[in-house]
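The report that follows describes selected local features of one chain, with the cut-offs behind each term given where the term is first used.

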Amino acid sequence: MALFKNDNPMRRRFAANTGWLIAQSVFQYVLSAVIGIIAARFLGPANYGILGYGVSLMAFFGAFASLGFNNIQITNMLESPEETGGIIGTALVLRLVASSISIVGIAFTAMLARPGDKVLLVVTVLQSLQLILQSFDALRLWFQMKLMSKYTAIGSIIGNIACSAWRIVLLIQGASVEWFALTSVVQMLTNYLFVTPLFFIKAKTKLWFSFTVAKKLFLRSWHYILAGLTQAVTAHFGRLLLSSSLGDSSLGYYNAAYTIATMWLFVPLAVVDSSLPILLQTKKNNPEAYRPRYQLMLMLILGIGVCAGLGLSLLAPWIVRLLYGESYAPAATVLRVIAWIGIFSNIGSARGVYIQAEEKQSAIKYISLITALVTIGLNALLIPLYGLGGAAA
């Protein structure tokens, strides 16, 4: 943090903002992990796999529903503060429309992919309702830009308490998997019931829609839309293929391992989220200080990733049995491999900051397209040969 020695107010705001993001994430992951693991034990690998199938299917349409605005909205607000109300309002309206279209697309795809599977159809449609609520990220990004993430952190904590209470009630009642599909919807609903009124109190900004602003947003975001679609292929094509080839239980094992492997990612992501507005401002006002500050962030998240990868890969069998029980034992093989995914995920998140600061959005679609094509090829080759191990690789 010595790089901020001449900017004490900014350093304090950065530290406080990052602290709130980490505190929120620690609470979220601890609470979600405990209740989620109990729910996974109750549902069993097959039903847990059905929920995972819905999540994977939703990821493809979620990339379209967000319209790539999460990646460029802060940049636009910093560059044109007088248009902040228009940027937020336009982004919100467009995302609501895109989310509604996506929900219809998800239902149609589920019917085509698994004809006659009514449980899967209901689960995926219920899960997809969260896309509507995710549209309100347009408001959350204002708090992130102002380094006021403590408010969204409090909202997230409230949402997680409601989500956990919902799961506990379902476990007590012995509810079916369809009711568990509403978990994320309950979480987001309570979160934004808190954040939305708080935004209007704090921002004191009137929201409005503008086709001109929409055009400006799309000129930057379409690269991210394509990147999001290809990234969804990269992250979820293997899971869908795994479920189709080896059954929902295999996907349940894979998702259990993936959940463990990514539990710690909130720490580096909090660093990246807090660094984004600071680095963008630094690039604009003090270009000489930008690169060393960016390098400091990159080295920090890389070091965290190496430590996490070593620990998870060495302790994989014990961690899986402790958290999920003997019925999920095959997940240990997966965990040994994907324990290292966090390093590359963190570098990808940090790269997003660099791409925005350097105005290199056009590169994203090429990077993502190459990655998606390689992923499709490797999954199609390795899953038939090595099953779960092939999907992890």
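Thr124 touches Gly54, Leu57, Ile106 and Ala110, not counting residues up to four places away in sequence, where contact means heavy atoms within 4.5 Å. This residue is found in helix α4 (residues 118-128); helices (H or I, at least four residues) and strands (E, at least two) are DSSP runs, numbered from the N terminus. Thr124 is buried, its relative accessible area being 0%, on a scale where buried means under 20% relative accessible area, exposed over 50%, and partly exposed in between (1.4 Å probe, protein chains only). Its side chain reaches the backbone oxygen of Leu120 at 2.9 Å; a polar contact is a pair of N or O atoms within 3.5 Å, and within protein one must be able to donate a hydrogen and the other to accept it, while residues adjacent in sequence count only if both atoms are side-chain atoms.

This is a predicted model, in which local features need pLDDT of at least 70 and side-chain atom pairs count only at pLDDT 80 or more, whereas totals for chains, interfaces and linings use all residues. Residues are numbered from 1 along each chain as its sequence is written, and side-chain values use heavy atoms, with hydrogens and water left out.

**Salt bridges**

A salt bridge is a side-chain nitrogen of Lys or Arg within 4 Å of a carboxyl oxygen of Asp or Glu, and by this rule the count comes to six salt bridges. Side chains of opposite charge can pair when their charged atoms come close. The table lists some of these pairs.

| Glu79 | Arg220 | 2.9 Å |

What joins Arg114, Asp117 and Asp248 into one network? The link is made by salt bridges that share partners.

Glu79 forms a salt bridge with Arg220. Because Glu79 lies in helix α2 (residues 73-79) and Arg220 in helix α10 (residues 211-246), the pair ties together parts that are 141 residues apart in sequence. Glu79 counts as partly exposed at 44% relative accessibility, while Arg220 is buried, with a relative accessible area of 16%.

**Helix α11**

Asp248 also belongs to the buried residues of α11, which include Ser250, Leu251, Gly252, Tyr253 and Tyr254. Eleven of the 14 residues of α11 are buried, so this helix is largely enclosed by the rest of the structure. The expected span of a helix is 1.5 Å times one less than its number of residues; for the 14 residues of helix α11 (residues 248-261) this should give 20 Å, which agrees with the 20 Å between its end C-alpha atoms.

**A nonpolar surface patch**

Phe64, Val93, Val97, Ile101, Phe209, Phe211, Trp222, Leu226 and Leu229 form a nonpolar patch on the surface, with about 820 Å² of accessible area together. Patches are made of residues with over 30% relative accessible area and no salt bridge, like charges being joined within 9 Å and nonpolar side chains (Val, Leu, Ile, Met, Phe, Trp, Tyr) within 5 Å. Accessible areas come from the Shrake-Rupley method with a 1.4 Å probe, and for residues only the protein chains shown count as cover. The elements that give two or more residues to the patch are α3 and α10, and its largest share, four residues, comes from α10. Val97, placed in helix α3, is partly exposed, with a relative accessible area of 47%.

Gly89 touches Leu207 and Trp208, not counting residues up to four places away in sequence, and the C-alpha atoms of Gly89 and Thr205, 116 residues apart along the chain, are separated by 9.9 Å.

Leu67 has a positive phi of about 60° although it is not a glycine; Leu67 lies in the loop between α1 (8-65) and α2 and counts as buried at 5% relative accessibility. Phi of Lys204 is near 50°, a positive value in a residue other than glycine. Is Lys204 buried or exposed? Lys204, in the loop between α9 (183-203) and α10, is exposed, with a relative accessible area of 71%.
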